[in-house]
Amino acid sequence: MFETVLIANRGEIALRVLRACRELGVRTAVVYSAADADSAAVRLADQAVRIGPASSRRSYLNAAAIVEAARQVGAQAVHPGYGFLSEDADFAEICADNGLVFIGPPPAVMAALADKSSARALMSQAGLPLSPGSIAPVPTAAAAAEVADAIGYPVIVKAAAGGGGRGMTVVHARGELARAYARTRAAAQAAFGDDRVYVERYLTTARHVEVQVLCDAHGNGVHLGTRDCSVQRRHQKLVEEAPAPALPATTLDTIARTALRGALEVGFVGAGTLEFLVDAEEQFHFLEINCRIQVEHPVTEMITGIDLVHEQLHIATGVPLRWRQEEIRLHGVAVECRVNTEDPDRDFAPTPGRLDRFTPPGGPFTRVDTHAHAGYLIGPWYDSLLAKVVVWAPDRELALNRLERALEEFDVAGPGVHTTIPFVRRVLDDASFRKGRYTTGIVDRLLATPPPTPAQRSTATTAARTAPAAEPDVPHRRTR
């Protein structure tokens, strides 16, 4: 095992990695920006190195400063967390060139998979089913229109180098395509420095199902079951659960085994996630592969009992995978919600500010991953994730009730600060969600109706637990 690992991230994921390292007897060093000088990760790490001002481009995205920090603390490896440089193949290469182990896939594999069109091509060669669309980037708006005409509308124009829900535009009709194509290319260039885009069919009533895999450098791999991440707003996940509900066990097993086969075929190493869309006929289509630990990884940890960051660290040392597929046991149901500092009533606008009160929930089988505390200043520089509330229970109904109870307990307040907790509670009240029969359209449907009054909410909660699912969100009933 490594003696010292540099954590090249901030917030809750920096703490998550720090704690995993400490449990394995690994010394930790974190990098931090001027805005995070008094963060919990800085206080708890064995060493901390300031790498720049609040701007992420001059701190957490500054590869040279991070490598220099690793050299200063004598680190042997760099854990990138998620976001920032976690899927940057150039950064992984720079680490390797400086004698540092990048905790993730080899740079060449990451480069191939970080490019979404390249990943589609590789997974197609591996025999994974793709949604209809282009595999190579489309060079012009006219070429994009030809693809869209062939596969039918709606389509989605995606940045080949995209990620984190950015660089995507849904197009419902041919007349919208040229403008959407130009806008997506410009956004992709600004966000990723790469304006290549591709086009694929946009499934309006699909489920977003993903598979966690672990693979070592010796050709061994396991899958750790499925997660459902269909509760999304603008491709940003709000609620995740494991395993994916209301799908036959045989379907889930087929998706999971297919995902693992794809990962092994492309030489993936580390902890990764393959994402799929599952349509109304229970047909699944590969979307993309993420080469990092994901925000929603705790739900998989809760149903498997496997610490994914521990496994990342072990794999990065080069030892064979510590698990065989037959040893993986899925137990119960876990649900996670993201508590973001956003105002759902103002189109989820960020609400920075200082927290006067911050008391997270507790109780049995309730986990809260957060870096916040009373007095914490939520700045405008980074993403708005404040905490993740994760619960486990033997069955889904109890897990949802437990999450609802936990959110009732969560006390967060500060001048001008709003959170997504009220909206997540609307999701939990929804009849189709309660029945596990929901799609990626659930958030738009809820936003299209006024939020309920307290009296209406009480009635809705009771009704949601007894009523049949709403028809618009029943995607996986076979039509013969």
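Predicted model: local features only at pLDDT ≥ 70, side-chain atom pairs only at ≥ 80, totals over all residues.
User: In the open sheet of 5 strands, which strands stand at the edges?

Analyst: The strands of this open sheet follow the order S3-S2-S1-S4-S5, and their pairing is parallel. Each strand at an edge has a single partner strand, so one side of it is left without a neighbour in the sheet. The strands in that position are S3 (47-52) and S5 (101-102).

User: Over how many bridges does strand S1 pair with S2, and what is the bridge partner of Thr4 in S2?

Analyst: Strand S1, which comprises residues 4-7, runs parallel to S2, and the two pair over 4 bridges. S2 itself, spanning residues 27-33, is mostly covered, with 6 of its 7 residues buried. Within S2, the bridge partner of Thr4 is Arg27.

User: What is the bridge partner of Ile7 in strand S4?

Analyst: S1 also pairs with S4, which covers residues 77-79, and this pairing is in the parallel sense over 3 bridges. In S4, the residue that forms the bridge with Ile7 is His79.

User: Which strands are included in what covers the buried residues of H9?

Analyst: The buried residues of H9 are Thr251, Leu252, Ile255, Ala256, Thr258, Ala259, Leu260, Gly262 and Ala263. An α-helix has 3.6 residues a turn, so residues three or four places apart point the same way. The cover over the buried residues of H9 includes helix H6 (116-125) as well as strands S9 (207-215), S10 (221-233), S12 (270-278) and S13 (284-290).

User: Which residue just after H9 takes a positive phi?

Analyst: The place to look is just after the helix H9, where a phi of about 75° is found. The residue that takes this positive phi is Gly267.

User: Which element gives the most residues to the lining of the second largest pocket?

Analyst: The second largest pocket, with a volume of about 410 Å³, is lined by 20 residues, of which Pro344, Thr419, Ile421, Pro422 and Phe423 lie nearest its centre. Strand S22 (411-413) and helix H13 (421-429) are the elements that give two or more residues to this lining. The lining divides into 12 nonpolar, 3 polar and 5 charged residues. With 5 residues, the element that gives the most is H13.

Note on methods:
Residues numbered from 1 in each chain as written. Heavy atoms only, no water. Buried < 20%, exposed > 50% of the residue type's maximum accessible area, 1.4 Å probe, protein only. Contact = heavy atoms within 4.5 Å. 1 Å grid on protein atoms, 1.4 Å probe; cavity = no way out; pocket = protein on both sides within 12 Å on 5 of 7 lines; lining within 4 Å. Points joined across faces, edges and corners; volume = space filled by probe spheres on them. Nonpolar A, V, L, I, M, F, W, Y, C, P; charged D, E, K, R; others polar. Pairing = 2+ DSSP bridges.
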